[in-house]
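Please walk me through this structure in plain terms. I would like to know what lies inside and how its parts are held together.

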Amino acid sequence: MATLSLHSHSFLLVLLPFILILRQNLAVAGGCQVPPVIFNFGDSNSDTGGLFAGLGYSIGLPNGRSFFQRSTGRLSDGRLVIDFLCQSLNTSLLNPYLDSLVGSKFQNGANFAIVGSSTLPRYVPFALNIQLMQFLHFKSRALELASTSDPLKEMMIGESGFRNALYMIDIGQNDIADSFSKGLSYSRVVKLIPNVISEIKSAIKILYDEGGRKFWVHNTGPLGCLPQKLSMVHSKGFDKHGCLATYNAAAKLFNEGLDHMCRDLRTELKEANIVYVDIYAIKYDLIANSNNYGFEKPLMACCGYGGPPYNYNVNITCGNGGSKSCDEGSRFISWDGIHYTETANAIVAMKVLSMQHSTPPTPFHFFCGG
């Protein structure tokens, strides 16, 4: 892009379909008789401030600079995919379950996702199993309050709210990444995948037994395209777009297993609506066709240290002393070497809402309430 004005114009053209899809979802959502209730389980890809709220871990500017104009604990310059999905249903952005300062503002659900979370080991904070335990405690207390004369009960989620809620799951990336970081070979990493899938399957069945019937499951993205991995892994095994082939191959095997698991559960859990979303295909398309979306240097972080080709240094990460951020996040896919910019997240959300990558194809406003 030769000039800022040309880039801005092309960026608006890219986002125009998203704006139209968002408006369509808002129009339908506006007619919902019951505001949507959403419970999310996951890792940093959907953490809306849980790490910051729960552990007091400092996540400062420039995180949050483009939309919130302040840090909200999100690892991005702005909104995450889950934020755009919530906005498409005309509901408030999800508050972290661990945020005691939001009072009782959990009428539209809660977010249990925490940065760094994986499925295994099961009893390490904040593994998926721990997030489920937190949910069960949340549900128990909410229903207990709803059955009393406490004035707060009007602000709580009742039995029907939990039954009609949408349960979103976006986890597994760290299980694969951590296995590689421990020096395990590709074959050993692959052998661990069934155990990860089993944990996610168990979580869905527990939520189903608790009355949940609507599930939205994201697979994992192209791990081998993350600037962090590319800068730290001494490998020459790149694919044609410069991504680590073995890392992406492991991610794809995980996704195949997750897809199979969802298909099996649709048969086993007769009343469940389980939607599987191919986030990998969406994100890899951004890398492979970056010029079509107005992105420059698709494998380079906007915020970090070291400059081209990846701008990532494990000792000087985004927001820490010495790191620098690019002037325009809209030109980058990667925000900090691991997580996406708001612009990239907006496009991913647009693709999710299009239903082209969902099995079965389901409009997101199907989960609007009932």
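Are Cys302 and Cys326 buried or exposed? Both Cys302 and Cys326 are buried, where buried means under 20% relative accessible area, exposed over 50%, and partly exposed in between (1.4 Å probe, protein chains only).

The model is predicted: local features need pLDDT of at least 70, side-chain atom pairs count only at pLDDT 80 or more, and totals for chains, interfaces and linings use all residues. Residues are numbered from 1 along each chain as its sequence is written, and side-chain values use heavy atoms, with hydrogens and water left out.

Three disulfides are found in a search of the whole structure, a disulfide being a pair of cysteine sulfur atoms within 2.5 Å. Cys302 and Cys326 form one of them, with sulfur atoms 2.0 Å apart. The torsion about their S-S bond is about -90°, so this disulfide is left-handed. It ties the loop between H10 and strand E6 (303-304) to the loop between strand E7 (324-325) and H11, across 24 residues. Helices (H or I, at least four residues) and strands (E, at least two) are DSSP runs, numbered from the N terminus.

Another disulfide joins Cys303 to Cys318, S to S 2.1 Å. Here the torsion is about 90°, so the link is right-handed. Cys303 lies in strand E6 and Cys318 in the loop between E6 and E7, 15 residues apart. Cys303 has a relative accessible area of 0%, and Cys318 has 13%.

Cys225 and Cys243 also form a disulfide, their sulfur atoms 2.1 Å apart. Cys225 sits in the loop between E4 and H8, and Cys243 in the loop between H8 and H9. Cys225 and Cys243 are both buried.

Two helices are mostly covered. In H10 (residues 279-288), seven of the 10 residues are buried, among them Ile279, Tyr280 and Ile287. These buried residues pack against strand E4 (214-218), helix H9 (245-268), strand E5 (273-277) and helix H11 (342-353). In H6 (residues 173-181), seven of nine residues are buried, including Asn174, Ile176 and Phe180. Their cover includes helix H7 (186-209), helix H8 (227-232) and H9. Just after H6, Gly183 takes a positive phi of about 90°.

Beyond its neighbours within four places in sequence, Trp216 is in contact (heavy atoms within 4.5 Å) with residues including Leu85, Met168, Val275 and Phe364.
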